[in-house]
Amino acid sequence: MPKQARLSGIKSFYCNTIGEASEVAGVSLRTIRNWASDGLHVMNGTRPALIRGDDLRDYIKSKRKSLSVRTRIDAFYCVKCRKERRAAEGFVDCEVKQGRAKLTAFCETYETVVSKPVAESLIPEIARTLDLKITLL
Ligand SMILES: [Zn+2]
């Protein structure tokens with residue numbers, strides 16, 4: 001995700017021009033226009049075009065929800081690839097501390113380190129498909 005849009009400054013019942021919407025959400029004019037063609041509700045027949053604050057908030061919230069990616073238990077979300085990736089060669093470092101484990105590996109492209117926290121109880125299941133090097137901290 002590029003820049004995180006802000007929700008905090010958006011007033012629900014205020015009608016924003018494209019410029020105001022871009023300012024309160026902290027994104028570019030182009031982003032607002034892209035959102036408008038992607039489903040953000042713009043009020044009909046007004047000049048300039050107006051966007052209700054609550055429509056803007058709802059749109060940003062639904063966008064956030066769709067962007068949060070659930071990864072498979074033996075896969076990682078890579079911030080560089082911006083998608084789910086497998087661990088390179090299936091090799092994963094696993095640091096265990098107080099019932100929690102942190103898995104760290106190279107993205108399958110070998111360009112980025114990927115990691116994620118998991119519950120210690122999931123380690124046996126993960127170890128079926130990944131080669132875990134377990135360190136107890
Ligand atoms: Zn990657």
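A: Lys80 and Glu111 are both exposed, where exposed means over 50% relative accessible area, buried under 20% and partly exposed in between (1.4 Å probe, protein chains only). The two form a salt bridge whose closest N and O atoms are 2.7 Å apart; the term covers a side-chain nitrogen of Lys or Arg within 4 Å of a carboxyl oxygen of Asp or Glu. This pair links distant parts of the chain, 31 residues apart: Lys80 lies in the loop between strand 3 and strand 4, and Glu111 in the loop between strand 6 and strand 7. Helices (H or I, at least four residues) and strands (E, at least two) are DSSP runs numbered from the N terminus. Salt bridges with shared partners also join Arg72, Asp74, Glu84 and Arg86 into one network.

A quick note on the ground rules: this is a predicted model, so local features need pLDDT of at least 70 and side-chain atom pairs count only at pLDDT 80 or more, while totals for chains, interfaces and linings use all residues. Residues are numbered from 1 along each chain as its sequence is written, and side-chain values use heavy atoms, with hydrogens and water left out.

Because Arg72 sits in the loop between helix 3 (53–67) and strand 3 and Glu84 in strand 4 (residues 83–85), the pair ties together parts that are 12 residues apart in sequence. Arg72 is partly exposed at 41% relative accessibility, and Glu84 is partly exposed at 24%. By the same rule, the count comes to 7 salt bridges. Another one of them joins the side chains of Arg52 and Asp54 at 2.7 Å, N to O; Arg52 is partly exposed, with a relative accessible area of 30%, whereas Asp54 counts as buried at 19%.

What does a buried lysine do without a salt bridge? Lys116, in strand 7, is such a case: the nearest side chain of opposite charge, Asp74, is 6.7 Å away. Here Lys and Arg count as positive and Asp and Glu as negative, with His and the chain ends not counted. The side chain of Lys116 instead reaches the backbone oxygen of Arg72 at 3.0 Å. Leaving out residues up to four places away in sequence, Lys116 touches Thr71, Arg72, Asp74, Phe76 and Leu103, among others; touching means heavy atoms within 4.5 Å.

Two of those neighbours, Phe76 and Leu103, lead on to the packing. Together with Val92, Cys94 and Leu132, they have the most contacts inside the largest nonpolar core, which has 16 residues. Strand 3 (76–78), strand 5, strand 6 (100–106), strand 7 (113–119) and helix 4 (123–127) each give this core two or more residues. Such a core is a set of buried Ala, Val, Leu, Ile, Met, Phe, Trp, Tyr and Cys residues joined through side-chain atoms within 4.5 Å. Cys94 belongs to strand 5 (residues 91–97) and counts as buried because its relative accessibility is 0%. Its contacts beyond four places in sequence include Leu103, Ile123, Leu132 and Ile134. Cys94 and Ile134 are 40 residues apart in sequence, yet 4.6 Å apart in space, C-alpha to C-alpha.

Notes: Polar contact = N/O pair within 3.5 Å; in protein donor to acceptor, adjacent residues only side chain to side chain.
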